Amino acid sequence: MSSPPLALAQSPPPLHCWSELPLDLMQLIFERLGFTDFERAKSVCSSWLSGSRQSKPNNKIPWMILLPEEKNYFLLFNPEDREEKLYKTQHLGDDLANSVCLATCRSWLLMATLPHERLYILNLLTLERINLPKSCGSYDTILWIDERSKDYLVIGEDLAYFKKSNRSLSGSQKGMVFKDHKLYALTEEELRISTFLVSGMRSPAPWEFYKLRRRSNVVLTLGGDVLIVRSKSPCMSCSWNFRIFKMDSSNGNIKWKEIFSLGDEAIILDLGITVLAKDQEGITSNSIYFTAHEMDWFDTDIFVFNLDTNKVEQLPQLVSSVSFTEARWFLPSFRNG
């Protein structure tokens, strides 16, 4: 009886080397990573380090800036960081210890020195600095800046500073948010909306007026909806209370409809925006994040209000253990490499 034919030996599947991934595939990986995982991935090998220079970390959620007492650097807290580390910036200038932060725009800060209130714009990651002629003299100030051209717009209560000029605004504005070249500002009784043609350095368009019952906070959602957030602090009542109203213009008439859920989003009250919180480390959906200065307190506490439980918590424990004079949220803008 003849023996069965020998089976052909199967060669093992080729071993794929992670260091030889195509650049476009490597970029897809890097663009899905947050800052901490991005930094870890860069250290895998020399080809991954080279590939990272063509990408940026994914920063869907804001970080927090802490200004330690009498220091010339900031501490940065990344809510996504599972190790809960504080990152220290480089030396940011001898006058930082005597400065306060009035507004943020991505990694750019609008700073004012004390007591002379000299204004300057500072990038806390690249150390770039732009000195401005004088101060707006108020915490109710917004900052916009173009990353490439460095054209900027600083809007105070009644004055707008462009890169090449400054303009007066009609009336006094507070609680301002700037997005897509539109300024949303609250007075005691109105929400005002005006369009700025920043690239042409032109004067703002006339205000659109929407009546409100009381002064609140204006918030813009990811989808472009306008929200009004009213709040009562423990100084005014026995418990925290937030009410959220959404602008409804579907029938041609402006109405404010109260909503009770943000869905998968969370409000960052300091920035006047919502961020996607679903599947994001460090941010809880259907919540409102705010700092004490947003409530006009002379304090540095950081809080989150959960709309599901109607409870407020002080956050985070790591940050609360550090002595600092000021805390603000910001959306970091990272450069390639």
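Helices (H or I, at least four residues) and strands (E, at least two) are DSSP runs, numbered from the N terminus. In this predicted model, local features need pLDDT of at least 70 and side-chain atom pairs count only at pLDDT 80 or more, whereas totals for chains, interfaces and linings use all residues. Residue numbers start from 1 along each chain as its sequence is written, and side-chain values use heavy atoms, with hydrogens and water left out.

**Overall composition**

- The protein chain contains four helices and 25 strands.
- Of its 337 residues, 47% are buried, meaning under 20% relative accessible area with a 1.4 Å probe, protein chains only.
- Contacts (heavy atoms within 4.5 Å) between residues at least 6 apart in sequence join residues at least 24 apart in 44% of cases.
- Carbon and sulfur atoms account for 49% of an accessible surface of about 18,400 Å², computed by the Shrake-Rupley method with a 1.4 Å probe.

**Strands 20 and 21**

- Strand 20 (residues 265–268) runs antiparallel to strand 21, and four bridges join them; pairing requires at least two DSSP bridges between two strands.
- A266 has V275 of strand 21 as its bridge partner.
- The two strands form a hairpin with four residues between them, and G272 in the turn has a positive phi of about 70 degrees.

- Most residues other than glycine have a negative phi.
- N286, in the loop between strand 21 (273–276) and strand 22 (287–291), has a positive phi of about 55 degrees.
- N286 is buried, at a relative accessible area of 3%.
- K150 also has a positive phi, near 65 degrees, and lies in the loop between strand 8 (142–145) and strand 9 (152–155).

Conventions:
Buried < 20%, exposed > 50% of the residue type's maximum accessible area, 1.4 Å probe, protein only.
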